[in-house]
Amino acid sequence: MTALLDIKNLHARIGDKEILRGLSLTINAGEVHAIMGPNGSGKSTLSYILAGRDGYEITQGQVLFNGIDLLEKTPEERACLGMFLAFQYPLEIAGVTNMTFLKTSLNALRRGRGEAEMDAASFLRLVRAKSAELGMTDDMLKRQLNVGFSGGEKKRNEVLQMSLLMPTLAVLDETDSGLDIDALRTVSEGVNRLRDPSRSFLVITHYQRLLDHITPDHIHVMARGKILASGGPELALKLEAEGYASYNEPAHA
Amino acid sequence: MPVTMSPPMPNPISFADQIRGLDPSSLPAVPALEEVRQNLRLQALALGLPTRRLEAWHYTDLARLLDSPMPVDAHINVAVPSLEMPHIKFTDGDMSLAGDIDADFQPILEMPDQLRDIAQSDNSEAILAFNLALVSGGVHLSVAAGAQQSLCLAYDGKGVQHLHHAIHVSAGATLTLFEFYRGEGYSNIVSDVTVEAGGVVNHVKFHASGCAIALTRATLGASAHYGARHVIAGGQIARHESRINLDGAAAHADLSAALLARAGAHQDLTSVIAHNTADTSSETQIRSLVDASARAVFQGKVVVARDAQRVDAQQQSRALLLAENAEMNVKPELEIYADDVACAHGSTVGALDKDALFFLRSRGIPEGIARQMLVRGFLADITETLPEGDIAEFIAAHLDANLDLILNTQQEGV
């Protein structure tokens, strides 16, 4: 069986600074993986490289998505293939309403996948239903995209996008940051509703607390640009108790 | 709607030479004014077209801009809109009227006394002197107290025309004035607008193509309102200047403009808002989109007179540069002689936000569409506040065509 995501010995740098130093990771369909690690370990870089952001030089390795070379694809092509990144800091875009954005995005994706665009009435029904599940008001759909949204509202909006676009791999980059307990529960429930044998998740987080709500199948510890340890849910509890100190040795030691 | 591209074609004689060569005797005669006009013409020629040596024209060296035989830009040929309002078209100085105007209306050339007053009161500026010496048409319009009037003025042609409008809006009256600039010629247009107490003027402009030097001088009485929405979508050389005198208490001016300077264009938005009385207010919002080898200028001056307390004046200019060699010149000026005022100005100049672009693309939106969304969003503060109705629909449709032209050109360069 072809893995959904297969990262092999990935090396990447920004300018002279090497961020990823031989990272390998395999995610199969339906699995939930979590990556934990200290600040500066390269977690966010990994998520941006998967989504196709500019500015990273890949010096070695490859990333296969359903057997397709992901690094050759533009960000929009990756989205059409089923890749989704929930941003740690969702962007505010003035002058574009959330509703217009969501509709443009969904229909672009459908076009990219060779499907017919969704008509306005069906889209409205769909977005209303999905946003209600996340406790979002109509007002949040009419407002400009993320402009004036609280941290929690932005993260709900990310999960709303995810539930409309129905990716096959969702990367959640510190989705728990900036969330209070209630928002964390709502957002986690939104993610859990999307769990499916055909859909996989890569959850990037500093803390155990998100993993109390989204239970991963596999946990990886990332430090200094690669994965240093992998295990089951028990690994998160061990990290919570002992910290990252044992993984934080300087690279040149 | 029919949209065709005109191929670039050099204009054999520069506009500057055409302006200098114009003689009042070759223009429609105003018998009572022949001597005044001849004298004004000599004065205008002595002053010369404005150059960068003049502070007010520092960023727009009109003499130089108009001096070279100019290639006509490959503009979008915008059809004259069919709007539900009377419509006066000026083509190379010839005037034609379609529809009925309820308000008191006369061609300006039939009002020699009024023209003479204007000519004798103010001719120290070359642009005014040329305008009055070479005036070949314009409207005299007076909207009666409490009445409502809409009027479209369209400018077209390939040559040079100087027009002067004198517009009076009586107490409690409302005028919607839609000016539409098209064609390939040069228009010098001066509009004097007086608004009495409680009167409202909605002054919408859409500049599709051609060169224009337009000056609006508005004087507002108590609680009068002057709202300008200027969309400078095309045009190789454009200077749209507003001088607004807030003379009556609680008078309000609201000036919003979007500039879309395509490759090779020079677009200038200049405003002087004088708060001459207490409790007056103004808001200026400028959005400039500047492509490669183009230049946009915003000069915004706010003057608050000594006794004009509790004035609120806000001004904001934001520019989006689409290429390395795009140029934006911003000159905000505040001259405040009163002590209890709330005046602020802000200015930003930047490129398209790469992170925002990536965010949209990561949601499956192709790069071209993502760029369009960001640019439209940038202009939304201006374009989304047009008075609702057929003017707004007309502008929205043609703005889209102009944006496509800018963004497609832009993508080829990336």
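Hi everyone, thanks for coming. A word on ground rules before the tour. Residues are numbered from 1 along each chain as its sequence is written, and chains are lettered from A and ligands numbered from 1 in the order in which they are written. Since this is a predicted model, local features need pLDDT of at least 70 and side-chain atom pairs count only at pLDDT 80 or more, while totals for chains, interfaces and linings use all residues.

Let's start where the chains meet. When I say helix I mean a DSSP run of H or I with at least four residues, and a strand is a run of E with at least two, both numbered from the N terminus. For the classes, Ala, Val, Leu, Ile, Met, Phe, Trp, Tyr, Cys and Pro count as nonpolar, Asp, Glu, Lys and Arg as charged, and the others, Gly among them, as polar.

Now, please look at the sheet in chain A. Six strands form an open sheet in the order β6-β7-β8-β3-β9-β10, with mixed pairing; strands pair if DSSP finds at least two bridges between them. At the edges stand β6 (83–86) and β10 (226–231), each with a single partner strand, so one side of each has no neighbour in the sheet. From one strand to the next, the twist averages 20 degrees. Strand β6(A) pairs with β7 (residues 169–173) of chain A in the parallel sense, over four bridges, and Met83(A) stands opposite Leu169(A) in β7(A). Helix α6(A) packs on this sheet, touching β6 and β7 of chain A, and its direction makes about 170 degrees with that of β6(A). Axes are lines fitted to C-alpha atoms, for helices over the stretch in contact, and angles run from 0 to 180 degrees between N-to-C directions.

Is His220(A) buried or exposed? It counts as buried because it has 22 C-beta neighbours inside 10 Å. The cut-offs are 20 or more other C-beta atoms within 10 Å for buried, 12 or fewer for exposed, and partly exposed in between, again with C-beta atoms placed from the backbone. Leaving aside residues up to four places away in sequence, His220(A) touches Leu25(A), His33(A), Ile35(A), Ile227(A) and Ser230(A).

Leu20(A), in strand β2 (residues 17–27), is also buried, with 25 such neighbours. Among its contacts beyond four places in sequence are Leu10(A), Thr45(A) and Gly225(A). Gln60(A) is 40 residues from Leu20(A) in sequence, and their C-alpha atoms are 9.7 Å apart.

On to helix pairs. In chain A, α6(A) and α7 (residues 181–193) pack at about 5 degrees, with axes 10 Å apart. That makes them roughly parallel, a label for angles under 35 degrees, with over 145 being roughly antiparallel, 65 to 115 roughly perpendicular and the rest oblique. Residues meeting there include Val159(A) in α6(A) and Val187(A) in α7(A).

In chain B, the axes of α2 (residues 34–47) and α5 (residues 126–133) come within 8 Å and cross at roughly 150 degrees. Eight nonpolar, one polar and two charged residues make up that contact.

Chain B also has a hairpin. Strands β3 (residues 87–91) and β4 (residues 94–98) of chain B run antiparallel, joined by five bridges, and Thr91(B) has Asp94(B) as its bridge partner. Two residues lie between the strands, and Asp92(B) in the turn has a positive phi of about 45 degrees.

That brings me to backbone angles. Most residues other than glycine have a negative phi. Asn9(A), in strand β1 (residues 5–14), has a positive phi of about 50 degrees and is partly exposed, with 13 other C-beta atoms within 10 Å. Ser223(B) has a positive phi of about 55 degrees and is buried, with 20 such atoms.

Thanks, and I'm happy to take questions.

Key. Two residues are in contact if their C-beta atoms, placed from the backbone, lie within 7 Å.
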